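Please look over the sequence and the model shown here before reading the report on its helix packing, its surface and its charged pairs.

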Amino acid sequence: MSMADVSIVVLVALFLATLVPRFNIGLAALPAAFLVGLAADRTADEVTAFFPGDFFVLLVGITALFAVAQINGTLDWLLDGVLRLVGGRALLVALVPFLIGAVLTAVGTLPAAATAIVAPIALGLAARYGIPPFTAAVLGITGIISGLLSPLAVFGTSANRLGDKMGLDLPGTAPVSFFLGGLLAGLVICAVCLVAGFRTGTMPRGRLTPVGEPDTGGPAAGESAGDGGTGRTPQPAWGRYLTLGCLLAVVVLSVGFDINIGYLGLTAAVVQQLALRLEPNEIISRIPWNIVLLIGGLLTYVGLMQDLGAFTRISDLLRVDGSPMLSLLVLCYIAGVTSFAASSIAVFATTIPLVPAVVAEGASPVGAVLAVALASILVDINPLGITGGLILGAARPEDRTPLFRQLLRCGLVSVVVGPALACFAFGWW
């Protein structure tokens, strides 16, 4: 058995071990990476190099920024404004994260940055108005997926550029087809999620009010930001405007000038902590260190697996000969399985070179690229990557364990179902 095979077996064992009481997969992933690395003649330094430092900065920076917004009442103030804007209607409140995510990625925001912005909004609305955290998270991420294939977005531009580079002879309408395909996929998932929520009774109906508060027709326009049991510290009005300015600055600088959003978040958090004279430990204690360990440990192990060729091994096991659609289906599964625990855009970029062979067998160039792109994206709703880490970090501590399990089940189902849906729904475009 090769070390690639061993790393796959160990990963499966780690997931099975989560069924054992008091087993923490995040705590176990780092020593697992170390031991498998030793068996594969990798030094401790080489294993440590796989630790996702960019993820650490991203999650710590964004959660610190939104911790300040929660402490001084700005986040609740903003959510009040959103509720007034949509009239408190359950359906419109639930769609807010979807719309924000779609707009952000459609105009070119990177998926991780969009998730960092959307996750606190989605989970904040969920906690405040009784929306299931899982539903709010899925709606936010499907919104992000909906905009990812626009002509301005990273997947959309990559699809066109890589398609031309591979000599696929894409038509001039390809960018529009890619965008419509991604938007349609996102809207369908969003609709299914909402219908399921309303039919099972987990989604609230009618006009929403904050959980635990009487229905008075919604918050008053001049409602103050008292504590209300949320852990907020009363602050002067100028403090909220400072926080709002910092939030806008982080969004503008990260989206418009491609500056690292994690470092921007940390900088903004420190500026506000000093200006508002907040207790530093109050901010630090709100950073979800258990999620940092969980995702950091798993991504370290996944990086080792990639180095050992585990995902190439999985791809080889899935590769078979057949008809154009069958070949495309296998290619979609290669993209989906690999992307489950790796960067979607990296997987997409490395899978596209396999598309010309499928097109040569008779598959549609536009359909093949679109299907592979969606197969890479649709598995992102899982807790094992940066997307999942940001979602879990934005959730209330008591919601994180059930939310992790729900996202994991969703991710595993998406790996099985997503590539097939992407292939047969869009492969003929």
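Predicted model: local features only at pLDDT ≥ 70, side-chain atom pairs only at ≥ 80, totals over all residues.

## Basis of the report

## Packing of α6 against α7

Two packed helices are described by the angle between their axes and the distance between the axes. For helix α6, which spans residues 90-106, the axis lies 9 Å from that of α7, and the two pack at an angle of about 175 degrees. Because angles over 145 degrees count as roughly antiparallel, α6 is roughly antiparallel to α7.

On the α6 side the contact is formed by V93, V96, P97, I100, G101, L104 and T105, which meet A114, I117, V118, I121, A122 and L125 of α7. Sorted by class, this contact has eleven nonpolar and two polar residues, with no charged residues.

## Packing of α5 against α7

Helix α5 (residues 74-85) also approaches helix α7 (residues 111-129), their axes coming within 11 Å and crossing at roughly 80 degrees.

From α5 the contact draws on D76, L79, D80 and L83, and from α7 on I121, G124, L125, R128 and Y129. By class, the contact of α5 with α7 has five nonpolar residues, one polar residue and three charged residues.

## Salt bridges

Side chains of opposite charge can pair when their charged atoms come close. The structure holds three salt bridges, and one of them joins the side chains of D307 and R42, with an N to O distance of 2.7 Å. Since D307 lies in helix α14 and R42 in the loop between α2 and α3 (44-48), the pair ties together parts that are 265 residues apart in sequence.

Key. Residues numbered from 1 in each chain as written. Heavy atoms only, no water. Axes fitted to C-alpha atoms, helices over the stretch in contact; angles between N-to-C directions. Helix = DSSP H or I, 4+ residues; strand = E, 2+ residues; numbered from the N terminus. Contact = heavy atoms within 4.5 Å. Nonpolar A, V, L, I, M, F, W, Y, C, P; charged D, E, K, R; others polar. Parallel < 35°, antiparallel > 145°, perpendicular 65-115°, else oblique. Salt bridge = Lys/Arg side-chain N within 4 Å of Asp/Glu carboxyl O.
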